[in-house]
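Here is a short tour to read alongside the sequence and the 3D view. Keep both open as you go.

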Amino acid sequence: MSKLKLGVLISGRGSNLQALIDACAAPDFPAEIALVLSNKADAFGLERAAKAGIATAVVSHRDYPGDKPAFEAAMNATLRDSGVELVCLAGFMRLLSPWFVGQWHNALINIHPSLLPSFKGLDTHQRALDTGVRFHGCTVHYVRPEMDEGPIIAQAAVPVLPGDDAHRLADRVLDSEHRLYPHAVRLIAEGRARVDGDLVRIEGPVPELAAVVNPPL
Ligand code: GRF
């Protein structure tokens, strides 16, 4: 069976990109990265892609001052030219317009470092600490025009532990991101994640999870 072609959009260090690169290296993984696209020429993730022999492109928003439509049209054309079928946002730090999101309806996903719909936006780890939640985590979701909205594909929860600061908590969440993103891509590539209105239905057997209590019983 042919593999689903991914386009990964980055702006920075690309640790989630690396997790996808590593997952795609397994012969039985049902997706492959066709292109890594960055809006920043100095994004470290571009080096990760090059090291893995993956095609890269830079479409800099700075080349389109005040002209977001032209910037997004250039990104869109670059992705289409590479045969991309699913766009994965992985630390891509530009807000996408409804036009771009519409071009990739149900073919554009994002990883966000919180258990959505809690803590949309930035600074999620400090806000989780300030709120006193006992679980935090990350979410992979289909993108809709509103920021950090859209049908949820998969989530990973991590405990908030005594003594955590935002850095420790961020590291714990990031580890979970690196496991969750490839898992969500696999579900999509295998046709097991089906968008149904505002929800994603997971098809096929899903083992039941036990309740997790924090602080532990
Ligand atoms: C991750 O925390 C991701 O959830 C958020 O941006 C960060 C990107 O990190 N959207 P990296 O570039 O993948 O290391």
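This is a predicted model: local features need pLDDT of at least 70, side-chain atom pairs count only at pLDDT 80 or more; totals for chains, interfaces and linings use all residues.

Where they meet, domain 1 supplies 17 residues to the contact and domain 2 supplies 11 residues.

## The nonpolar cores

What is the size of the largest nonpolar core, and which residues have the most contacts inside it? This core counts 43 residues, with Ile-33, Ile-109 and Ile-153 having the most contacts inside it. Helix H6 (residues 166–189) is the biggest giver, with nine residues. Because domain 1 (1–104) and domain 2 (112–138 + 156–205) both contribute residues, the core lies between them.

Leaving aside residues up to four places away in sequence, Ile-153 touches Ile-109, Val-140, His-141, Tyr-142, Ala-184, Ile-188, Ala-193, Val-200 and Ile-202. There is also a second, separate core of 21 residues, and Phe-71, Met-75, Val-84 and Val-87 are among them.

## Around the ligand

Now bring the ligand into view. Around the ligand you will find Arg-13, Gly-14, Ser-15, Asn-16, Gly-91, Ile-111, His-112, Pro-113 and Glu-177. From Gly-14, a backbone N or O atom sits 2.9 Å from a ligand oxygen. From Ser-15, a polar side-chain atom is 2.5 Å from an oxygen atom of the ligand. The side chain of Glu-177 has an N or O atom 2.7 Å from a ligand oxygen. Taken alone, the ligand would expose 360 Å², and the protein buries 84% of that.

His-112, one of the residues around the ligand, belongs to strand S5 (residues 108–112). Is His-112 buried or exposed? Its relative accessible area is 4%, so His-112 is buried, since the cut-off for buried is under 20%.

The side chain of His-112 makes a polar contact of 3.4 Å with the side chain of Asp-148. Not counting residues up to four places away in sequence, His-112 touches Phe-119, Lys-120, Gly-121, Thr-124, Gly-137, Cys-138, Thr-139, His-141 and Asp-148.

## Ser-11 and its loop

Next, look at the loop that joins strand S1 (4–10) to helix H1 (15–24), where Ser-11 is found. With a relative accessible area of 9%, Ser-11 is buried.

What does the side chain of Ser-11 pair with? There is a polar contact of 2.7 Å between the side chains of Ser-11 and Asn-39. A polar atom of the Ser-11 side chain also lies 2.8 Å from the backbone nitrogen of Met-93. Apart from residues up to four places away in sequence, the residues touched by Ser-11 are Ser-38, Asn-39, Lys-40, Ala-43, Gly-91, Phe-92 and Met-93.

## Helix H1

Why is H1 described as largely enclosed by the rest of the structure? Eight of the 10 residues of H1 are buried, so the helix is largely enclosed. The buried residues are Ser-15, Asn-16, Leu-17, Ala-19, Leu-20, Ile-21, Ala-23 and Cys-24. Their cover includes S1, strand S2 (31–38), helix H2 (44–51), strand S4 (86–89), S5 and H6.

Technical notes:
Residues are numbered from 1 along each chain as its sequence is written. Side-chain values use heavy atoms; hydrogens and water are left out. A nonpolar core is a set of buried Ala, Val, Leu, Ile, Met, Phe, Trp, Tyr and Cys residues joined through side-chain atoms within 4.5 Å. Buried means under 20% relative accessible area, exposed over 50%, partly exposed in between (1.4 Å probe, protein chains only). Helices (H or I, at least four residues) and strands (E, at least two) are DSSP runs, numbered from the N terminus. Domain bounds come from an automatic or database domain assignment. Contact means heavy atoms within 4.5 Å. A residue is near a molecule or strand if one of its heavy atoms lies within 4 Å of it. A polar contact is a pair of N or O atoms within 3.5 Å; within protein, one must be able to donate a hydrogen and the other to accept it, and residues adjacent in sequence count only if both atoms are side-chain atoms. Accessible areas come from the Shrake-Rupley method with a 1.4 Å probe; for residues, only the protein chains shown count as cover.
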